Amino acid sequence: MQFMLLFSRQGKLRLQKWYVPLSDKEKKKITRELVQTVLARKPKMCSFLEWRDLKVVYKRYASLYFCCAIENQDNELITLEIIHRYVELLDKYFGSVCELDIIFNFEKAYFILDEFLLGGEAQDTSKKNVLKAIEQADLLQECRREPPLTVCFLSAQLTTEKPL
Amino acid sequence: MPAPIRLRELIRTIRTARTQAEEREMIQKECAAIRSSFREEDNTYRCRNVAKLLYMHMLGYPAHFGQLECLKLIASQKFTDKRIGYLGAMLLLDERQDVHLLMTNCIKNDLNHSTQYVQGLALCTLGCMGSSEMCRDLAGEVEKLLKTSNSYLRKKAALCAVHVIRKVPELMEMFLPATKNLLSEKNHGVLHTSVVLLTEMCERSPDMLLHFRKLVPQLVRILKNLIMSGYSPEHDVSGISDPFLQVRILRLLRILGRSDDDSSEAMNDILAQVATNTETSKNVGNAILYETVLTIMDIKSESGLRVLAINILGRFLLNNDKNIRYVALTSLLKTVQTDHNAVQRHRSTIVDCLKDLDVSIKRRAMELSFALVNGNNIRGMMKELLYFLDSCDPEFKADCASGVFLAAEKYAPSKRWHIDTIMRVLTTAGSYVRDDSVPNLIQLITNSVEMHAYTVQRLYKALLDDISQQPLVQVSSWCIGEYGDLLVSGQCEEEEPIQDEVLDVLEGLLVSNLSTPVTRGYSLTAIMKLSTRFSSVNRIKKVVSIYGSSIDVELQQRAVEYNALFKKYDHMRFNLDVLYDLVSLLFQANDLLDLLGGNDVMPVIQTTLPTKPASAGGELLDLLGDLSLSGRTTVNGLKIEFTFERANPNPNIAVITIHATNTTEADMTEFVFQAAVPKVSHDLSVTFV
């Protein structure tokens with residue numbers, strides 16, 4: 001995968017994950033063009049389109065478009081499953097996720113994505129494992145409970161944490 | 001100083017802004033606060049401030065002043081700081097800036113951290129945006145983690161290694177030992193990422209590919225277990241066990257089996273099994289079947305397996321899900337060359353897809369349809385494709401028209417069918433036809449000698465209906481000029497027009513707003529040519545002299561030249577054959593210049609009166625002797641100059657010299673020279689200088 005974009009039906013960007021090095025200017029240009037192209041698609045059209053020299057896979061969930069740019073040798077159909085898995089993870093984490101959750105907790109959406117994909121590929125195919133890892137990492141942040149053995153040395157410093 | 005406002009508070013506030021200006025104002029105010037907070041080196045709230053900055057960055061506002069702060073967060077001991085710091089680094093830094101190199105040391109420390117989640121952050125960041133230098137420095141750490149027994153870290157290290165290899169391919173070797181027992185893992189995460197790593201290595205290095213071929217049996221076994229094993233809640237997706245891993249294994253098998261008979265044979269059974277046993281009701285199953293088909297088609301599979309694969313694609317074409325139809329058409333396009341007959345069986349379904357609503361599906365169906373056209377199905381296929389041409393979106397018309405011309409040329413069952421097909425294209429999609437089609441079609445028509453009468457009659461009729469489509473008009477004008485005598489002489493099947501009617505039509509083209517300058521050139525030339533075929537010469541003379549003062553320079557030149565012919569060689573008017581030869585040569589030059597599309601064409605005639613009377617047999621050359629014709633044009637930097645002269649010492653040879661010069665700075669490649677001999681038989685020999 002080269003990049004993933006999440007945007008609303010009005011074209012507002014909610015998340016952008018880039019797995020290829022590009023300048024800020026290029027990213028903005030690509031985002032603008034691609035968002036326009038996808039929003040112009042009619043509902044009856046298929047989820048794939050050729051754009052520049054890439055394949056783009058997109059799917060709409062409620063008011064959010066999830067859009068991935070993949071390489072020519074990548075499997076479009078399984079990419080749809082990857083997108084779906086990410087949505088499921090968000091759903092489980094936030095409890096019936098909606099766009100507002102992602103707006104107000106964008107950093108968490110990134111953390112979840114980074115626990116699921118690395119360099120554009122899935123790290124773990126088990127939903128349970130990904131969610132467990134996020135849960136544990138969140139615990140490290142909050143330090144509300146007795147932290148697990150592997151992280152107990154951090155507990156002293158963590159008590160001075162300020163919430164975001 | 002009060003605590004900086006919290007992230008969620010800021011988001012809420014910014015969302016209340018009713019205009020872009022209001023939002024900008026809020027953002028600027030907050031940025032100023034954040035900047036002063038950064039200047040004060042506030043450790044407590046740095047994390048909060050950077051998080052806010054990241055939000056504003058997503059809205060499109062500049063956030064570069066936060067880059068160094070991200071580095072400070074990464075270096076902090078607090079987990080929250082590191083989490084936001086690394087996120088900020090991934091969002092704000094890119095490998096083009098030197099600043100990111102400062103991260104290297106932090107990442108190195110964090111890769112060795114005692115907390116796996118910190119190590120995970122470091123691996124993720126490195127694997128997402130590590131530059132070549134960083135990768136070089138840290139490859140050793142990644143390699144170490146690839147060998148750990150901690151599956152959480154091992155899976156991340158594998159994907160991080162993929163990134164390192166992509167950035168610094170020479171480092172691939174160092175990861176080889178660590179791959180030794182990657183596939184013996186039970187953990188699916190490690191398995192999946194290991195397969196990705198192996199795939200990357202095999203794709204990049206033929207040596208690695210050879211080395212890893214021995215893994216085929218193991219991969220086959222793993223795949224088999226996935227299919228045969230019962231329900232596993234952890235990895236189940238709609239009744240299929242770990243489809244992500246299955247797809248990845250299939251892809252690796254494809255690469256391993258590609259040019260190797262033994263490997264291909266070893267995977268034959270499992271591929272057949274997957275192809276027949278996978279549940280097709282959901283997208284997940286179809287994703288696996290799709291990958292299986294790609295693998296079967298790419299390795300050295302036996303024919304039974306290939307037919308199975310194509311049939312799967314055929315079933316895909318009938319699927320309600322348009323995504324499935326789309327991938328089917330894409331895959332069939334890839335295999336149509338190698339498995340032509342098998343794909344032919346699905347031809348009618350493919351042709352039906354021409355009527356699909358989705359643009360991408362239509363395009364693929366069109367490409368595939370052209371690929372399937374052959375001598376047997378040409379008539380039926382062409383009917384469908386012409387119907388498609390009629391009704392398709394403009395973006396398809398040019399490609400479709402070209403495709404039809406190519407197919408017609410290759411497989412036309414008869415000359416008449418061919419001409420009819422061309423006519424159909426010109427009349428329905430005439431304005432979308434490519435520029436080079438016009439000379440190609442003229443060539444085709446010239447060569448179909450027995451069809452000249454039929455062709456010119458049909459083209460004339462088409463002109464009567466519609467003069468807006470320029471390629472059609474140009475071809476028609478040319479034909480009328482060339483074969484006008486056939487048009488009026490009763491050789492046609494229907495009522496033939498009279499000379500004046502034909503001239504009316506051609507003159508109409510000259511004055512019409514719809515005609516482009518090129519088209520006008522064709523018309524004028526055609527009118528002139530008819531002076532040797534028609535008897536209404538006076539009318540033609542009049543038209544030609546009118547255009548001698550046309551605003552259009554090109555038309556003016558031609559008209560002047562033609563006028564000159566009329567005046568100087570009036571006494572030869574009755575020796576039609578000879579005049580025709582001369583005029584023909586001139587027209588060839590003009591037509592050629594037309595076809596080249598030059599817009600600073602300058603044909604020049606210098607004339608002197610003939611000093612001796614024309615003698616039989618050598619009249620043409622006599623004319624040439626006193627008339628030097630030349631023409632010059634420049635198209636896209638290629639300058640071409642023609643000169644016509646009598647050869648010396650052999651006066652029976654006319655020498656046409658063409659100088660082609662590259663006036664641009666760049667090289668010109670693929671310069672093709674084609675010479676057509678005029679209708680009257682002359683021997684043409686070409687010498688390159």
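Mentor: Gladly! Keep in mind that this is a predicted model. Two packed helices are described by the angle between their axes and the distance between the axes.

Trainee: How do helix 15 and helix 16 of chain B cross, and at what angle?

Mentor: Helix 15 covers residues 283-298 of chain B and helix 16 covers residues 303-317 of chain B; their axes come within 9 Å and cross at roughly 140°. Angles over 145 degrees would count as roughly antiparallel and those from 65 to 115 as roughly perpendicular, so helix 15 of chain B and helix 16 of chain B are oblique to each other. The crossing of helix 15 of chain B past helix 16 of chain B is left-handed.

Trainee: Which residues make that contact?

Mentor: From helix 15 of chain B come Asn286(B), Leu289(B), Tyr290(B), Val293(B), Ile296(B) and Met297(B). Helix 16 of chain B brings Leu305(B), Arg306(B), Ala309(B), Ile310(B), Ile312(B), Leu313(B) and Phe316(B). Sorted by class, the contact of these two helices has 11 nonpolar residues, one polar and one charged.

Trainee: What about helix 3 and helix 4 of chain B: at what angle do they pack?

Mentor: Helix 3 (residues 46-58) of chain B and helix 4 (residues 67-75) of chain B pack at about 135°, and their axes are 10 Å apart. That angle makes helix 3 of chain B and helix 4 of chain B oblique to each other, and their crossing is left-handed. Arg46(B), Cys47(B) and Val50(B) of helix 3 of chain B meet Glu69(B), Cys70(B), Lys72(B) and Leu73(B) of helix 4 of chain B. The classes here are four nonpolar, no polar and three charged residues.

Trainee: Now for single residues. Is Arg254(B) buried or exposed?

Mentor: The idea is to look at relative accessible area, where under 20% means buried. Arg254(B) has 8% relative accessibility, so Arg254(B) counts as buried. You will find Arg254(B) in helix 13 (residues 243-257) of chain B.

Trainee: What does Arg254(B) touch?

Mentor: Leaving aside residues up to four places away in sequence, Arg254(B) touches Gln73(A) of the other chain, along with Glu291(B), Leu294(B), Thr295(B), Asp298(B) and Ile299(B).

Trainee: And where does Leu245(B) lie?

Mentor: Leu245(B) also belongs to helix 13 of chain B. With 1% relative accessibility, Leu245(B) counts as buried. Again setting aside residues up to four places away in sequence, Leu245(B) touches His188(B), Leu191(B), His192(B), Val195(B) and Leu226(B). Sequence and space can be set side by side here: Leu245(B) and Thr193(B) are 52 residues apart in sequence, while their C-alpha atoms are 8.9 Å apart.

Trainee: Next, backbone angles. What is the phi of Asp242(B)?

Mentor: Asp242(B) has a positive phi of about 40°, although Asp242(B) is not a glycine. Asp242(B) sits in the loop between strand 2 (240-241) and helix 13 of chain B, and is buried, with a relative accessible area of 0%.

Trainee: Where is Ser96(A), and what is around it in the chain?

Mentor: Look in the loop between helix 2 (76-94) and helix 3 (99-104) of chain A to find Ser96(A). Ser96(A) has a positive phi of about 55° although it is not a glycine. At 60% relative accessibility, Ser96(A) counts as exposed.

Trainee: Let's step back to whole chains. How many helices and strands does chain A have?

Mentor: Chain A has six helices and seven strands, and their order along the sequence is β-β-α-β-β-β-α-α-α-β-β-α-α. Of its 164 residues, 60% count as buried. The UniProt annotation, from an unreviewed entry, places "domain: AP complex mu/sigma subunit" on residues 1-140 of chain A. That span is 47% helix and 25% strand, with its end C-alpha atoms 30 Å apart.

Trainee: How many helices and strands are there in chain B?

Mentor: Chain B has 32 helices and six strands, and 55% of its 689 residues count as buried. Among chain B contacts between residues at least 6 apart in sequence, 66% join residues at least 24 apart. In chain A, 45% of contacts between residues at least 6 apart join residues at least 24 apart.

Definitions and conventions:
Residues numbered from 1 in each chain as written. Chains lettered and ligands numbered in written order. Predicted model: local features only at pLDDT ≥ 70, side-chain atom pairs only at ≥ 80, totals over all residues. Heavy atoms only, no water. Axes fitted to C-alpha atoms, helices over the stretch in contact; angles between N-to-C directions. Helix = DSSP H or I, 4+ residues; strand = E, 2+ residues; numbered from the N terminus. Parallel < 35°, antiparallel > 145°, perpendicular 65-115°, else oblique. Left-handed = near helix turned anticlockwise from the far one by under 90°. Contact = heavy atoms within 4.5 Å. Nonpolar A, V, L, I, M, F, W, Y, C, P; charged D, E, K, R; others polar. UniProt positions renumbered as here; feature names shortened; annotations may be inferred. Buried < 20%, exposed > 50% of the residue type's maximum accessible area, 1.4 Å probe, protein only.
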